[in-house]
Amino acid sequence: HGTMQAVRPTESHNIGSIQQQSATRGAHGVAADKAGTGSKPNIVCVLPANTFRISLCVDNAEVNGARQQKLLQELDRNNVRYDVRKLQVGDFLWTAQADDGTELVLDYVVERKRMDDLAQSITGGRFIEQKMRLKTCGLSRRIYLVETKASYMSLPEASLNQAIVNTQVCDGFTIKRTADLRETAAYLTLLTRMLTNRFSGRSLEGVDNPLVTTETRLLTFGSFSTNSVKNRVLCTREVLLKQLVRVPKISQDKAEAIVQEIPTFSVLLKCHETKGEDMVSGIKFGLSQRKIGIAASRSLAGLLGNGALK
């Protein structure tokens, strides 16, 4: 390992934002968002202060190929403790690892996309599904990291930027833009050091229920993986959203706005029966809060009318 390389000043803004978010939420953390569930913590393990190490976990899909190996080389150069494994959701997260093998997942997860990857995930339908899985994995501090350097993009840059804004405004993700893989490694390095300092001298509790987690009461890695498996049962709204984005003229931000107003397929059918082709026209969507037009509404109504969407 060599000495840590200098990190560009622009990186500090997001780090400060995350630190402020953590300090504001304090020891109540995720549990504050999940109040009223009636769930009681079942503490399965305790890691006393200074008996564990903070380690960055890298999804093994992120290091396939020569280019991706450069990420590990940059982390090595920055003296970052990491391990590579299969992650059920996200590309990077952090764990507290004890000598006896006990492992707890810190409340942070990063999804990384190059701009060309982002375009492919949108056109292929994976974009919404990945965000849904991140939002339901039990970790509340979700970071969407976008590497802006790309040789070719299958969607206009304006469309990609709108999708990124929606991810921040509508989904509550922290957005981090980096120029390239090297800058991504620098950002991960800063986050690792911030988390190491934050949890130094603090004890942690392990639980198996994502509804009772706090900043220092964390999911075990096994529970996190079980909760995040790809073939888990989707809720009704998630299923409807996945169907809507495949309708011609219904973009991702339009679909998200529709399910806020019409959360189930049965309600969608009732809207079709009562309003016909105007069933979703007028619903506001996106950052600009424009209204869904008649063409998109007619497209959806036509599919419902011929039974193509069910």
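## Working through a predicted fold

At 0% relative accessibility, Cys57 counts as buried (buried means under 20% relative accessible area, exposed over 50%, partly exposed in between, with a 1.4 Å probe and protein chains only). Before the exercises, some housekeeping. This is a predicted model, in which local features need pLDDT of at least 70 and side-chain atom pairs count only at pLDDT 80 or more, while totals for chains, interfaces and linings use all residues. Residues are numbered from 1 along each chain as its sequence is written, and side-chain values use heavy atoms, with hydrogens and water left out.

### Exercise 1: strand E4

Task: Work out which residues cover each face of E4 and how E4 pairs with E2 and E5.

Solution. First, the burial. Seven of the seven residues of strand E4 (residues 92–98) are buried, so the strand is largely enclosed by the rest of the structure (helices, H or I with at least four residues, and strands, E with at least two, are DSSP runs numbered from the N terminus).

Second, the faces. In a regular strand the side chains alternate between the two faces of the sheet. On one side of E4 you get Phe92, Trp94, Ala96 and Ala98, on the other Leu93, Thr95 and Gln97, and all of them are buried.

Third, the partners. E2 and E4 run antiparallel and are joined by seven bridges (two strands pair if DSSP finds at least two bridges between them). Here Val58 sits opposite Phe92. E4 also pairs with strand E5 (residues 103–114), antiparallel again, over five bridges; Gln97 has Glu103 in E5 as its bridge partner. The hairpin of E4 and E5 has four residues between the strands, and Gly101 there takes a positive phi near 95 degrees.

### Exercise 2: Gln97 up close

Task: Is Gln97 buried or exposed, and which side chain does it join through a polar contact?

Solution. Gln97 lies in strand E4. With a relative accessible area of 15%, Gln97 counts as buried. Its side chain makes a polar contact of 3.1 Å with that of Thr95 (a polar contact is a pair of N or O atoms within 3.5 Å; within protein, one must be able to donate a hydrogen and the other to accept it, and residues adjacent in sequence count only if both atoms are side-chain atoms). Beyond four places in sequence, the contacts of Gln97 include Thr51, Phe52, Arg53, Asp83 and Arg85.

### Exercise 3: loops and positive phi

Task: Which loops hold Asn79 and Lys249, and how far apart in space are Ala49 and Ser200?

Solution. Asn79 falls in the loop between helix H2 (66–77) and strand E3 (82–85). Its phi is positive, about 60 degrees, although Asn79 is not a glycine, and its relative accessible area of 36% makes it partly exposed.

Lys249 also has a positive phi, about 75 degrees, without being a glycine. You'll find Lys249 in the loop between helix H8 (236–244) and helix H9 (252–261); at 56% relative accessible area, Lys249 is exposed.

Finally, Ala49 sits in the loop between strand E1 (45–47) and strand E2 (52–59). Ala49 and Ser200 are 151 residues apart in sequence and 7.2 Å apart in space, C-alpha to C-alpha. Leaving out neighbours within four places, Ala49 contacts Gly201, Arg202 and Ser203, and Ala49 is partly exposed at 31%.

Definitions and conventions. Contact means heavy atoms within 4.5 Å.
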